[in-house]
Amino acid sequence: MPTLLVKNIHTLVTLDATRREISNGALFVQDHQIEQIGTTAELPVTADEVLDLQGRHIVLPGLINTHHHFYQTLTRAVPQAQNGDLFNWLKTLYPLWANLTAEGVYFSAQMAAAELILSGCTTASDHLYIYPNDCTLDDEIRAMQEIGLRFHASRGSMSVGESQGGLPPDALVEPEANILKDSQRLIEQYHDQARHSMLRLTLAPCSPFSVSQDLMRESAALARSYAGVRLHTHLAENQSDVDYSLANFGMIPGDYAESVGWLGEDVWHAHCVQLSDDSIFKFGRTGTGVAHCPCSNTRLASGIAPIRKMLDQGVPVGLGVDGSASNDAGHLFQEARMAFLLARVRECDAAAMTARNILEVATLGGARVLGRDDIGALAPGMSADFIALNLDRPSFAGALHDPVAALIFCQVDRVDYSFINGKKVVDQGHLTTVDLPMLVEKTNELSQQLVNSPRL
C-alpha cells in the first residue's frame with residue numbers, strides 16, 4: 001500500500017483526545033489511514049510520497065459539512081428570491097426547481113463539492129429531496145465518487161403538496177410507497193457501513209410542512225432495519241415552521257419530532273433555530289444531533305440558533321452551509337467564522353464561543369452528528385482526511401501569535417492542500433480531480449436553462 005509523509009508542518013492541529021497542537025509536526029499515512037503523528041524528528045524520514053511544507057503551513061482535520069442542498073447551486077441569487085423569508089423563498093423557487101434534470105443534479109453536485117473542498121471540507125452530507133423529470137440520487141452519488149469527496153447521501157422526499165395542506169406544489173411531491181421503495185433500493189445498492197467508508201446513505205423526509213407523519217415513522221423504521229443508516233430532516237427553522245407545526249399537529253417542532261420517533265443518536269435535524277429549551281434538553285439526553293447553518297439562517301432572517309445552550313446540554317452540533325440558494329455560498333471556513341461570531345452576538349458574551357470551540361464543532365462535532373468515529377481528528381487509525389493552509393497569506397499577516405485561532409478570527413479564502421482518504425484532491429490551491437473552469441461554465445449554462453425554462 002502506498003505511503004505518504006507530510007513533514008515540517010508549522011503547527012499540526014490534531015483535535016485528538018488531548019487536543020495536541022504539535023510544532024514542527026509531521027504525519028505518516030499508509031493507503032487511506034493515518035499510521036503515525038508526531039514531530040518531524042520522530043517520524044520516518046521517507047515514504048512513497050513526501051510533502052515538505054517547510055514550516056509554512058498549518059495542518060488540521062478536514063472540515064465536515066452536515067447539511068446542504070447541492071442542486072440549489074443552480075439558483076443562487078435569483079432576483080425574485082433575494083428578499084423573502086423561508087416560506088416565500090421556497091414558494092418562489094419551487095417552480096424553477098421543477099425544471100431540474102439528471103444532468104443538472106450531476107453538475108450542480110460537482111460544483112457544490114468543488115466549492116466545499118476548496119474551502120476545507122473533506123466530508124459532506126447532502127439532502128436531495130426533489131426528483132422531477134429524470135432526476136435520481138444516483139446522479140449525485142456518481143458525481144461525488146468522481147470528485148473524491150467523502151459523502152453521506154440523503155434520500156430526501158416530499159409527499160404532501162398544496163392540495164393536502166403542504167407547502168410544495170402537488171407536481172413536486174411523490175407517492176409515499178415510491179419513496180420508500182426507492183429508499184430501500186438505494187440503501188441496498190450503495191450504503192457502506194465499513195470504517196473509512198466513502199459513501200453512506202441517510203433517509204431524509206424533507207420537513208414537517210412537506211411530508212406526512214406516516215412517512216416520518218415508516219422512514220425511521222426502514223432506516224433502523226439496516227446498520228448505520230441515519231435519519232435527517234429540517235426542524236424549527238423559523239417561526240412560520242413553528243406555527244405550521246402548532247396548527248397542523250398541535251405540537252411544537254421538538255414534540256412533533258419526538259412523536260414520530262425522530263429523537264436518538266441516529267437522528268440529526270437541520271437548523272433548530274426556534275427549538276424550545278425543553279426540546280434542547282431532550283436532544284441532549286437522547287444524543288439527537290443538530291446541523292447549524294448560520295449563513296442561511298441570517299440570509300432568510302430565520303434567527304440565530306442557540307448553539308451555546310445546545311453544546312452545554314450535550315447536544316451533538318455540526319456545521320452546515322445549507323443550500324447554495326439560501327446561503328448563497330458553500331464555504332465551510334466562512335460558515336465556521338459566522339457561527340463563531342453569531343454565538344457571541346446571541347449570548348451578548350464575547351467569551352461564549354472560542355475559536356477552538358468552533359473548530360471542534362466543524363470537525364469532531366460534524367463527525368458525531370454523522371455517526372462517525374473515523375474522521376474529525378488526526379490520530380493513528382483515523383481516516384487520512386486533512387487540510388493544509390499556508391500561513392504566509394495576507395489575511396494571516398500579524399496573526400501568527402496564535403495561528404490556530406487565526407483560522408477562525410481571520411478570513412480563509414481557500415486551502416492549499418487537501419487529502420481525502422489519503423488521496424491529494426487539492427494541490428497548491430488547485431483541484432486535482434475535476435476541470436474547474438469547465439465545471440463553472442457548465443454550471444452557468446445549466447443555471448440559465450433552469451431559470452429560463454417554462455414554470456409550473
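In which helix does Ser219 lie? In this predicted model, Ser219 belongs to helix H5, which covers residues 213–223. With a relative accessibility of 3%, Ser219 falls under the 20% limit and therefore counts as buried. Leaving aside residues up to four places away in sequence, Ser219 is in touch with Leu180, Leu203, Pro205 and Leu231.

The setting of this residue can be described for the protein as a whole, which has 14 helices and 17 strands. The radius of gyration is 21 Å, close to the 23 Å that the globule rule gives for 456 residues, so the protein is as compact as a globular protein of that length. Along the principal axes, the C-alpha trace spans about 70 × 45 × 45 Å. Of the 456 residues, 62% are buried, and the accessible surface comes to about 16,100 Å², with 49% of it belonging to carbon and sulfur atoms. Among contacts with a separation of 6 or more, 75% are made by residues 24 or more positions apart.

The structure holds 12 aromatic pairs, one of which is formed by Tyr71 and Trp97, in an edge-to-face arrangement with 5.1 Å centre to centre and 85° between the planes. Tyr71 lies in the loop between strand S6 (63–65) and helix H1 (86–97), whereas Trp97 is in helix H1, so the pair ties together parts that are 26 residues apart in sequence. Tyr71 is buried, with a relative accessible area of 1%, and Trp97, at 0% relative accessibility, counts as buried too.

Tyr71 also forms an edge-to-face pair with Tyr129, for which the values are 5.9 Å centre to centre and 80° between the planes. This second pair links distant parts of the chain, since Tyr129 is in the loop between strand S7 (121–128) and helix H3 (137–147), 58 residues apart from Tyr71 in the loop between S6 and H1. Both Tyr71 and Tyr129 are buried. Together with Trp89, Tyr94 and Trp97, these two tyrosines form one aromatic cluster.

The charged end of Arg155 sits over the ring of Tyr131, at 4.2 Å from the ring centre. For Arg393, the charged end sits over the ring of Phe396, and here the distance from the ring centre is 5.7 Å.

Key:
Residues are numbered from 1 along each chain as its sequence is written. This is a predicted model: local features need pLDDT of at least 70, side-chain atom pairs count only at pLDDT 80 or more; totals for chains, interfaces and linings use all residues. Side-chain values use heavy atoms; hydrogens and water are left out. Rings of Phe, Tyr and Trp (its six-membered ring) pair if their centres lie within 6.5 Å; planes under 30 degrees apart count as stacked, over 60 as edge-to-face and the rest as tilted. Helices (H or I, at least four residues) and strands (E, at least two) are DSSP runs, numbered from the N terminus. Buried means under 20% relative accessible area, exposed over 50%, partly exposed in between (1.4 Å probe, protein chains only). A charge sits over a ring if NZ of Lys or CZ of Arg is within 6 Å of the ring centre and within 35 degrees of the ring normal. Contact means heavy atoms within 4.5 Å. The radius of gyration is taken over C-alpha atoms; the globule rule is 2.2 Å times the number of residues to the power 0.38. Accessible areas come from the Shrake-Rupley method with a 1.4 Å probe; for residues, only the protein chains shown count as cover.
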